Amino acid sequence: MKKQESLQQQTAQEIAHVLTEALPYIQRFTGKTMVVKFGGNAMTDEATTSFARDIVLLKLVGINPVIVHGGGPQIGDLLKRLGKTSEFIQGMRVTDAETMDVVEMVLGGQVNKEIVNLINRHGGRAVGLTGKDGDLIRARKIFLKQNSPEANAPELIDLGHVGEVESIDASVVDMLVHGDFIPVIAPIGVGEDGRSYNINADLVAGKMAEVLKAEKLILLTNAPGILDKDGELLTGLSLAELDALIADGTIHGGMIPKTQCVMDALKGGVSSVHIIDGRVEHAVLLELLTDQGIGTLLLRR
Ligand SMILES: Nc1ncnc2c1ncn2[C@@H]1O[C@H](COP(=O)(O)OP(=O)(O)O)[C@@H](O)[C@H]1O
Ligand SMILES: CC(=O)N[C@@H](CCC(=O)OP(=O)(O)O)C(=O)O
C-alpha cells in the first residue's frame, strides 16, 4: 500500500513537472499563429486522434493553430479502387480531369471532414475549407522543368490539373481565427478560369504561413525529420545546405516539395519551421511545449 502511494506521488510529481515545463512555452506562444501541416502518410487512426487532441489543447492555451492537411495516400487508395494508377513526377501527382474529381472528393470531403470531426469531438471548434471557400487559394497551373540530354533547353512537363499558389486571400481564415474557430484547409485551389487545381499540401502550408505571418510552420510527416544518407536526423540546416541535399539526392521524392516550401517560408518571413514525425503520439505538444525537440528545426537567419 505504502509502495503504491509513493508511486502515485512520483507520477503526480512527474505530471506537475511536465506542466511547469510547458509554462514558458505557453507564455511565449500565446496569441501567436502556428500553421500545422498534417501529411497523409502520418494519418493513422491513433495519430489523427492524438493530433486532434493536441490541436484542441493549443487552442485552449491561446495559440491559434491553422491546419493544412494532405491526403496523398488516401487519394491513391480511392484511385486504386477505381482501377487508376497514381503517377508522380518530382513529388507531384499527374492529375487528369477524372483524377481531379477524386482529389476533390478525398481531400475536400473525406479527409477534411474526418479531421474537423475529430477536433470537434475532442472539444474544439473546427471549420473545414478548401481553397475555393471565400476564394481562399487562387491557383496557377504549373509545368515542371526536366533536363533532357537530347534537347538544349529543359523540357516542360504538363501535369494536368496541378497548380501552385498564385495568391491567398486569408480573410476567411482571419474571420474564423478571431471567432475562436480552428480552420482546417484542404489544398485545392481555384484558377482564374474557375477550374480546380490540385496543389501539393506542403506548398499551401508554406504560403499560408507566410501570408498569415505565422510564428511557426510545423510539418507532420512519416519520417523523423530530414535524414542524411545514413538515416541520421539533421537539424539547423542553412538554405545552401538544403539546396545541396536536394542536388545530391539525399532529399528526394515527397521530401523535395516539402524542403522547397520550407525554404520559401523562411525566405518569406516565417521565423522557424519544424519537420516532425506525425506518427509519434502527441508529436505537436512534444515539439512545441517541452524542452525536447523531436525533429528537424530550421531557423530564419
Ligand atoms: N532525406 C530525407 N529525409 C527524410 N525523408 C525523406 C528524405 N528524402 C525522401 N524522403 C521521403 O519523403 C517522405 C515524406 O514525404 P511525403 O511522402 O510527401 O510525406 P507527406 O505525406 O507527409 O507529405 C518520407 O516518408 C521519406 O520516404
Ligand atoms: C500535386 C499533388 O501532388 N498534390 C497532392 C495533394 C495532397 C498532398 O499533398 O498530400 P500529402 O501531404 O499527404 O502528400 C496529391 O495529389 O497527392
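In the predicted model described here, a backbone N or O atom of Leu-227 lies 2.9 Å from a nitrogen atom of ligand 1, a polar contact being a pair of N or O atoms within 3.5 Å, where within protein one atom must be able to donate a hydrogen and the other to accept it, and residues adjacent in sequence count only if both atoms are side-chain atoms. The model is a predicted one, in which local features need pLDDT of at least 70 and side-chain atom pairs count only at pLDDT 80 or more, while totals for chains, interfaces and linings use all residues. Residues are numbered from 1 along each chain as its sequence is written, chains are lettered from A and ligands numbered from 1 in the order in which they are written, and side-chain values use heavy atoms, with hydrogens and water left out.

Ligand 1 is surrounded by 18 residues, of which Asn-41, Thr-221, Asn-222, Thr-250 and Lys-258 are the closest; a residue is counted as near a molecule or strand if one of its heavy atoms lies within 4 Å of it. Oxygen atoms of this ligand are approached by polar side-chain atoms of Asn-222, at 2.5 Å, and of Lys-258, at 2.8 Å. Around ligand 2 there are 16 residues, with Lys-37, Gly-40, Arg-93, Asn-198 and Ala-201 coming nearest. A polar side-chain atom of Lys-37 is placed 2.6 Å from an oxygen atom of ligand 2, and polar backbone atoms of Gly-71 and Gly-72 each lie 3.0 Å from an oxygen atom of that ligand.

Two aromatic pairs are present in the structure, rings of Phe, Tyr and Trp (its six-membered ring) being paired if their centres lie within 6.5 Å, with planes under 30 degrees apart counted as stacked, over 60 as edge-to-face and the rest as tilted. The pair of Tyr-25 and Phe-29 is tilted, because the ring centres are 6.5 Å apart and the planes meet at 35°. These two residues are four residues apart in helix H1 (residues 2-29), and Tyr-25 and Phe-29 are therefore separated by about one helical turn; helices (H or I, at least four residues) and strands (E, at least two) are DSSP runs, numbered from the N terminus. Tyr-25 is buried at a relative accessible area of 16% and Phe-29 at 3%, where buried means under 20%, exposed over 50% and partly exposed in between (1.4 Å probe, protein chains only). The rings of Phe-38 and Phe-51, with centres 4.1 Å apart and planes at 10°, form a stacked pair. Since Phe-38 belongs to strand E1 (residues 33-38) and Phe-51 to helix H2 (residues 45-60), this pair ties together parts that are 13 residues apart in sequence, and both residues are buried.

The largest nonpolar core holds 50 residues, among which Val-35, Leu-136, Val-173, Ile-185, Met-208, Leu-217 and Ile-226 touch the most other members; such a core is a set of buried Ala, Val, Leu, Ile, Met, Phe, Trp, Tyr and Cys residues joined through side-chain atoms within 4.5 Å. Helix H8 (residues 255-267) contributes the largest share of this core, seven residues. A second, separate core of 41 residues includes Phe-38, Met-43, Ile-75 and Ile-218.

Thr-130, found in strand E5 (residues 126-130), is buried at 13% relative accessibility. Ala-153, in the loop between strand E6 (137-146) and strand E7 (155-168), is partly exposed at 48%.
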